[in-house]
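Here is a short briefing on one protein chain. Keep the sequence and the structure side by side as you read.

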Amino acid sequence: MAYSEGSERTSGTFFDIKRQPCGGRVPRPTGWLAQRMKFLATMKAERSLGQLLEETDMRSAGARKAADLLKKAGPGAIEPMIEALGAADKDQAAVLVEVLGEHLNDKTFPQYVEGLTHTNQRCVGGVARALCGANNYNAKQLLDLLGEEGISKPAVIEVLRSKKSRLGM
């Protein structure tokens, strides 16, 4: 069935199906199914985090596998990873910062801003390092954070210094 303009939406019980002009369908979970899928993704991320934090050698196969699973976990893994920074040793924190940097984009940026308000300074420092190392977000959003209450100003200034060339300063 061909559609002349745009696409047509139909709602089902479990999925919101978007029919493409070419006739293909892209199912998207809605309602309780979407919540359960997010819950499962969070559980997988927490299990991978547990595996990563149990490893003493970050070059081992188990640590690499856990890091790869966290990279694939998506945005649902960001908050648990930020929390895990507080209990991680230096090597584990470096891996978590690397994975956090890969998840960072304009859509996930608010989760990182929330991480800058964390009470644990190790978590704030890890989020700041992830913000410094990543380039796939609009760095001008950082300027707005300087006026917000509760956000670690030294961490934001550190990130702004690292992004000086991107901001045109």
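Phe39 sits in helix H1, which covers residues 31-54. The model is a predicted one. In it, Phe39 is exposed, with a relative accessible area of 52%.

**The surface of H1**
- Leu40 also belongs to helix H1.
- Leu40 has a relative accessibility of 51%, so this residue counts as exposed, the cut-off being over 50%.
- Phe39 clears that cut-off too, because its relative accessible area is 52%.
- Leu40 and Gly76 are 36 residues apart along the chain, and 9.5 Å separates their C-alpha atoms.

**The chain as a whole**
- The protein chain holds 9 helices and 3 strands.
- Starting at the N terminus, the order of elements is β-β-β-α-α-α-α-α-α-α-α-α.
- The chain has 169 residues, and 36% of them count as buried.
- Among contacts with a separation of 6 or more, 53% link residues 24 or more positions apart.

- H2 spans residues 61-73, a run of 13 residues.
- From first C-alpha to last, H2 reaches 18 Å, close to the 18 Å expected at 1.5 Å a residue.
- Which residues of H2 are buried? They are Ala63, Ala66, Ala67 and Leu70.
- Viewed down the axis of H2, these buried residues fall within an arc of 100°, so they line one face of the helix.
- The face turned away from the buried side of H2 carries exposed residues: Ala61, Lys65 and Lys72.
- Gly74 follows H2 and has a positive phi, near 90°.

**Helix H8 and its cover**
- In H8 (153-162), the buried residues are Ala155, Val156, Val159 and Leu160.
- Seen along the axis of H8, its buried residues stay within an arc of 135°, so they line one face of the helix.
- Pro154 and Arg161 are exposed on the other side of H8.
- What covers the buried residues of H8? The cover includes helix H6 (121-133), helix H7 (141-145) and H9.

**Lys163, between H8 and H9**
- Lys163 lies in the loop that runs between helix H8 and helix H9 (164-167).
- Is Lys163 buried or exposed? Lys163 is buried, because its relative accessible area is 1% and the cut-off is under 20%.
- Beyond its neighbours within four places in sequence, Lys163 is in contact with Leu131, Cys132, Gly133, Ala134, Asn135, Tyr137, Ala139 and Leu142.
- Lys140 is 23 residues from Lys163 in sequence, and their C-alpha atoms are 9.1 Å apart in space.

Conventions
Residues are numbered from 1 along each chain as its sequence is written. This is a predicted model: local features need pLDDT of at least 70, side-chain atom pairs count only at pLDDT 80 or more; totals for chains, interfaces and linings use all residues. Side-chain values use heavy atoms; hydrogens and water are left out. Helices (H or I, at least four residues) and strands (E, at least two) are DSSP runs, numbered from the N terminus. Buried means under 20% relative accessible area, exposed over 50%, partly exposed in between (1.4 Å probe, protein chains only). Contact means heavy atoms within 4.5 Å. The expected span of a helix is 1.5 Å times one less than its number of residues. The arc is that of the directions from the helix axis to the C-beta atoms.
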